[in-house]
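Please look at the sequence and the structure below before reading on.

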Amino acid sequence: MSIMRVLVCALAILSAAAAQKDLHYLPGHDGMVHLFEWKWPDIAKECERFLGPMGFGGVQVSPIQENVIVANRPWWERYQPISYKWHTRSGTASEFKEMVRRCNDAGVRIYVDVVFNHMTGDHKNARGTGGSTADTSSLSYPAVPYSRYDFHTPCAINNYRDPVNVRNCELVGLRDLDQSKEYVRDKIVNFLNGAVDAGVAGFRVDAAKHMWPGDLKVIYSRLKNLNTNHHFPSGARPYIVQEVIDYGGEAISKFEYNSFGAVTEFRHGMEISNSLKGNNLLKWFVNWGEPWGLLPSKDALVFIDNHDTQRDNPNVLTYKSSRLYKMAVAFMLAHPYGAARVMSSYDFGSFDANPPQDSQGNLLSPTINSDNTCGNGWVCEHRWRQIYNMVRFRNAVNSTALNNWWDNGQNQIAFCRGNAGFIAINGDNYDLQQELYVCVEPGTYCDVISGNLENNKCTGKVVTVDQNRKAHIKVLTWEEDGVLAIHRGAKVRS
């Protein structure tokens, strides 16, 4: 093979990998929301009535494949597949396809949480949400079908310093598939390509750390291009983000996976939470990103909490600490590092707590209150004004750099995004009252944290920017929120 041909092949592989990090958001949209455990018809409605109009870029949805039914219906049953049929408590295959179509038409992309590292754990009389059965003790899953030849020899993961143990043994007793086998790869690829045909924009790959990078690379390379009938350009590749939990100190690194897809950057939410809880100074975030040992920005999906960490990581902020949580999410959405995902939860009081459901175990729909928040057991952080308005801030400042960083040497920080937006955060226990250079053009602006611009008036705090692009910024300790943010889309017309 000639040197030129080798170079062309290498460039083709690189461009394909780069393409699988493209979220395919439509212009004027940014930010993903994880509508955890929502039903497909409810997501379709949410895309049309709220997410599209507010400028959200996409939705991560719960797994679509049939899962085993577990007593008391804990959330984690969704992560125990029994087949690749699209039949879950969220709905049927036809309801899923209709939801994807409606969301794409509303300008909101869909990303599916896919589980193919493993099948179920050991269950007597295992039955799935679509009626499929399995003999889990003999590794027989006839609805796929998989037999014991498709799995690694059962063993327990008990040594995270041994990559072979982590990738070839069973995560918490879940039957571990062998993705090096062509038959297994074909079943996975067909499952994923069915979702591509339906119009999804990409996938969140559950438990990617527990699969060999070489096997994943082959699987991703066999995916179809995105469906052009759903507003995707010709040749677009599915977005791939891989769940690799890497806080450091283990044998397996996130950097083993980011050459061929995006990766979940778990340290992001932990470090921001740690600082806002008072264990580190906010001023150090002046060089936030790769210098902290994080992934390159283009490779990282970032979040403050997710469905796992809000239950099992007490160091991470969640909706239960709402004031600090809103500050953390505001920083994430204002900062250019990474692709941002917002969590949308249901209220829970224990690790296993099921999503809102009726006495038969059917999922309940969120109710929408007059102030746009949710009821019926759903938290819906994405409908909190302080969060959805920061998604709009992110859209307003898109493609600008971070500039004009200011801090007080401790936990009061502020920065601009180009000349398009400005944010100030007060993490100290005393008032922030400071004249600061805010970068935006002179005029009157609405603080989008405390209110909205409605009928050319501010429903919250007003910020007056003088001819020198300076403003008196106040974030007081007694106020509801520890953040102030303005942007060019929230300017009062004179």
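How many disulfides does the count come to? The model is a predicted one, and in it the count comes to five disulfides, a disulfide being a pair of cysteine sulfur atoms within 2.5 Å. If the bonded cysteines of the chain are numbered in sequence order, they pair as 1-2, 3-4, 5-6, 7-8, 9-10. Three of these links are described here, including the one between C47 and C103.

C47 is joined to C103 by a disulfide with an S to S distance of 2.1 Å. The torsion about this S-S bond is about 90 degrees, so the disulfide of C47 and C103 is right-handed. C47 belongs to helix α2 (residues 40-54) and C103 to helix α3 (residues 93-105), so the bond ties together parts that lie 56 residues apart in sequence. C47 and C103 are both buried.

Another disulfide connects C155 with C169, with an S to S distance of 2.0 Å. Here the torsion about the S-S bond is about -95 degrees, and the disulfide is therefore left-handed. C155 sits in the loop between β5 (133-134) and α4 (163-168), while C169 sits in the loop between α4 and α5 (182-197), so the pair ties together parts that are 14 residues apart in sequence. Is C155 buried or partly exposed? Its relative accessibility is 29%, so C155 counts as partly exposed, since buried means under 20% relative accessible area. C169 has 7% relative accessibility and therefore counts as buried.

The sulfur atoms of C446 and C458 are 2.0 Å apart and form a disulfide. With -90 degrees about the S-S bond, this link of C446 and C458 is left-handed. C446 is in strand β17 (residues 443-446) and C458 in strand β19 (residues 457-458), 12 residues apart. C446 has a relative accessible area of 1% and is buried.

Now turn to the strands around β14. Six of the six residues of strand β14 (residues 412-417) are buried, so the strand is largely enclosed by the rest of the structure. Both of its faces are covered, with Q412, A414 and C416 buried on one side and I413, F415 and R417 buried on the other.

Which strands pair with β14? Strand β13 (residues 402-407) pairs with β14 in the antiparallel sense over four bridges, and W406 stands opposite A414 in β14. The two strands β13 and β14 form a hairpin with four residues between them, and G409 in the turn has a positive phi of about 85 degrees. Strand β15 (residues 421-426) also runs antiparallel to β14, the two being joined by six bridges. F415 stands opposite I423 in β15. β14 and β15 form a hairpin with three residues between them, where G418 in the turn has a positive phi of about 55 degrees.

The last topic is a helix pair. The axes of helix α9 (residues 322-334) and helix α10 (residues 385-396) come within 9 Å and cross at roughly 10 degrees. Angles under 35 degrees count as roughly parallel, and α9 and α10 are therefore roughly parallel to each other. On the α9 side, Y325, K326, V329, A330, M332, L333 and A334 meet Q386, I387, M390, V391, F393 and R394 of α10. By class, this contact of α9 with α10 has 10 nonpolar, one polar and two charged residues.

How values were computed. Residues numbered from 1 in each chain as written. Predicted model: local features only at pLDDT ≥ 70, side-chain atom pairs only at ≥ 80, totals over all residues. Heavy atoms only, no water. Axes fitted to C-alpha atoms, helices over the stretch in contact; angles between N-to-C directions. Parallel < 35°, antiparallel > 145°, perpendicular 65-115°, else oblique. Contact = heavy atoms within 4.5 Å. Nonpolar A, V, L, I, M, F, W, Y, C, P; charged D, E, K, R; others polar. Buried < 20%, exposed > 50% of the residue type's maximum accessible area, 1.4 Å probe, protein only. Pairing = 2+ DSSP bridges.
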